[in-house]
Amino acid sequence: MRPSVPVPPAPSPDRLPGLPPLPATATQRIGGIDYTDARVFFARYGLKATELQSGHRLRVQDGANVIELDADQHDALVNGLIVFLGEPVVMRGSALFISKIDAEHLFAPLVQPGRFAAFTPPVHTIVLDAGHGGIDPGAQNAALNVNEKTCALDVVLRLRTLLEARGFKVVLTRTSDHELSTDKPTDLSMRAELAGRVGADLFISVHFNAAPPAVHGTETFIMTPQSQASTQAEKDKAMIPTAYPGNRVDPLNAVLGYAIHRRLTSELGSMDRGLKHARFEVLRLENCPSVLIESGYISSDTEGRKIATPAYRQKIAEGIASGVAAYLAQLAGTRK
Ligand SMILES: [Zn+2]
């Protein structure tokens, strides 16, 4: 399917050079899941901890990042942005614990992405995927006469221009209003397969969302790590223990997803609905770092009106392009 060699899996942060070993006393099995003492885990990366609310809230920070964890919460604040976790934060004794998978696959790459640079091939080719197309309009707002497939393609065409100007080779899954297959599962797998065929180094899928009219905001999805349920839990529980191609690059997915989510919400000033996890077909079948962006709610009266304007769609493209640049800068060890 992919002519080039897939990205080798990044090693567990516990095996990255230059990190002291995690003491065995910092690990506990809670509810059948391996958990790590958050304070001890982050201290290994040089983040200092402050306990708040009698230990129910923990803030860890260094010069670049501030992370806030709350007992029993399924999400964390990373530099003020919502990041959903695979497992809730748990209080044991007077300490807060985070799941080992969240610690290693999510927090470690977010706080020190540069540690993963040695395991990251350079980015030459970026595949952009405009969601839906042809007989599948995606989300629609009849009152405003806009639909998802048209706006997604417009954003992707704008993004192509921006990324080509930065020197990337850009390949689109579709360049006009057509579906890749009239069969839904095949259509999605064809998008992933195309990325494999052209040797994509990054895969970015652009969508818009729909919900009751009051709902608005931006959410960004990355592949769910093996053994964890997605943010919206899978109906097919057999998927949860399965290792998919997209899991080979879990830490890089986290860095890419966060970088794009941060830049995009900042560029748009849109409501932060969080960095989330999903086993979407286009994410789980990719061999390279991948992200699916729900840029905004086309169904919202106010946000839908903005999405209908070329100026706002240009801002979406610029936010995503800026996120790609931030991702590469962070892996190169340059905070940006
Ligand atoms: Zn969609």
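**Reading loops, strands and a core**

Student: In which loop does Ser54 lie?

Tutor: Ser54 is in the loop that links strand S3 (48-52) with strand S4 (57-61). Strands (E, at least two residues) and helices (H or I, at least four) are DSSP runs numbered from the N terminus. The model is predicted: local features require pLDDT of at least 70, side-chain atom pairs count only at pLDDT 80 or more, and totals for chains, interfaces and linings use all residues. Residue numbers start from 1 along each chain as its sequence is written.

Student: What is the phi of Ser54, a residue other than glycine?

Tutor: Phi of Ser54 is positive, near 55°. His132 is not a glycine either, and has a positive phi of about 65°; His132 occupies the loop between strand S10 (125-130) and strand S11 (140-141).

Student: Does each count as buried or exposed, and why?

Tutor: One counts the other C-beta atoms, placed from the backbone, within 10 Å of a residue's own: 20 or more means buried, 12 or fewer exposed, and values in between partly exposed. Ser54 has 9 such neighbours and is therefore exposed, whereas His132 has 22 and is therefore buried.

Student: Which strands are joined to S9 by bridges?

Tutor: Two strands pair if DSSP finds at least two bridges between them. Strand S2 (residues 33-37) runs antiparallel to S9 and is joined to it by three bridges, with Asp37 opposite Phe97. Strand S8 (residues 90-92) is also antiparallel to S9, again with three bridges; there Arg92 has Ala95 as its bridge partner. Two residues separate S8 and S9 in their hairpin, where Gly93 adopts a positive phi near 65°. Because four of the five residues of S9 (residues 95-99) are buried, this strand is largely enclosed by the rest of the structure.

Student: Why is H5 described as largely enclosed?

Tutor: Of the 19 residues of H5, 17 are buried, so the rest of the structure largely encloses this helix. Just after H5, Gly269 has a positive phi of about 65°.

Student: Which residues have the most contacts inside the largest nonpolar core?

Tutor: Such a core is a set of buried Ala, Val, Leu, Ile, Met, Phe, Trp, Tyr and Cys residues joined through C-beta atoms within 7 Å. The largest has 82 residues, and Ile98, Leu202, Val255 and Ile320 have the most contacts inside it. At least three of its residues come from each of domain 1 (13-117) and domain 2 (122-331), with bounds from an automatic or database domain assignment.
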